[in-house]
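Me: I would like to go through the salt bridges of a protein model. Let us take the questions in turn.

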Amino acid sequence: MKLTMQLKRRSYDIILKAGCLANLHQFINVQGRKVFVLTDDGVPAQYAQTVAGQCPDAQVYAIPQGEGSKCLKVYGQVLQAMLDFGMDRGDLLVAVGGGVVGDLGGFCAASYMRGIDFVNCPTTTLAQVDSSIGGKTAIDLGATKNIVGAFWQPKVVLIDFDTLATLPRRHMVNGLAEALKTALIGDAQLFALFESARPEEHIEQIVYRSLKFKKKIVEQDERESSVRACLNFGHTIGHGIEAVRGVRGRRTTGLYHGECVALGMLPMIEDAGLLKRVRAVYRTLGLPTRMGGSKEKVLQQMQHDKKMRGGKITVIKCPGLGCWRADTLPAGELPALLGLDA
């Protein structure tokens, strides 16, 4: 399967095929250029080696696994490694891993020598259904997610379904939560796949339909000045929860990004019947249905959201299956979203 992101001179192909990592050289020129392969130490090493083995002059660089690596310190370390490798403007960075690797790698590519070519090879469900396309690259600043970054489109995206075989079920479900977001705001047929007995058996169609919807939105609004805001459904509350209860570093306790987004979607679903169906899907997948922890701390983090402007924030609500609405709320109305008194 193939999709093409139509962005004029920034257009690129999205290849969805089992085993396509072994064919990277067919989709991007690796001859006569240095190729910096960024991965993390939780990604099976053979994936990065498969990429590097196709390149005459390649270096594999692994960062520590986890959201904690999306920080200024690791960002600087990666840039230094690229400089030590002797990279110039004609060279290439290939990200092989999940969303952390893709976000960090894309931002390094965007900023090194004011921009070099970038290829994204997502190896997790979360990255494959969402963050691998669209050009948003970023790192965190403290507990505030994605506050430092740039728009930088990849040259090609390779989605190798074989890489999902090594994922634990919880990581698989973590990514399916983002696909469920897409289903709720824009694809009733995708939602039907989630209401089947074993949604993960439809993973290739789930990834394809998720990316097809996101591609359409990005083509209309590359830099999130209008309709692309719909992709933030669940994220305003979700990022607040993640800042308070998210998995950090090598901790095994806490919630993953998709789990936080799943919790963030629930208060934004306005149709009671649909909300009941969504909760049923959560139970099938094993997603959490209750936030837990301190709602006051979550509220405090929400008030640092990068979408906050002039004391107001735009949130995305779902009035019914396959549709969405943007509401701009004063900060004083945020407590009500969490069931708190103002």
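Me: Does Arg198 count as buried, partly exposed or exposed, and at what relative accessibility?
Reply: The model is a predicted one. Buried means under 20% relative accessible area and exposed means over 50%, with partly exposed in between. Arg198 has 46% relative accessibility, so the class is partly exposed.

Me: Which residue forms a salt bridge with Arg198?
Reply: Side chains of opposite charge can pair when their charged atoms come close. For Arg198, the closest N and O atoms of the pair are 3.8 Å apart.

Me: Which residues do salt bridges that share partners join into one network?
Reply: Among them are Glu67 and Lys70, whose side chains meet in a salt bridge at 3.8 Å, N to O. Glu67 is buried at 13% relative accessibility, and Lys70 is buried at 3%. The network joins Glu67, Lys70, Asp103, Asp140, Lys145 and Glu242.

Me: How many residues apart in sequence are the parts that the pair Glu259 and Arg170 ties together?
Reply: The side chains of Glu259 and Arg170 meet in a salt bridge of 2.8 Å, N to O. Glu259 lies in helix α10 (residues 257-265) and Arg170 in helix α6 (residues 169-186), so the parts tied together are apart in sequence by 89 residues.

Me: What does the count of salt bridges come to?
Reply: A pair is counted when a side-chain nitrogen of Lys or Arg is within 4 Å of a carboxyl oxygen of Asp or Glu. By this rule, the number of salt bridges is 24.

Terms used: Residues are numbered from 1 along each chain as its sequence is written. This is a predicted model: local features need pLDDT of at least 70, side-chain atom pairs count only at pLDDT 80 or more; totals for chains, interfaces and linings use all residues. Side-chain values use heavy atoms; hydrogens and water are left out. Buried means under 20% relative accessible area, exposed over 50%, partly exposed in between (1.4 Å probe, protein chains only). Helices (H or I, at least four residues) and strands (E, at least two) are DSSP runs, numbered from the N terminus.
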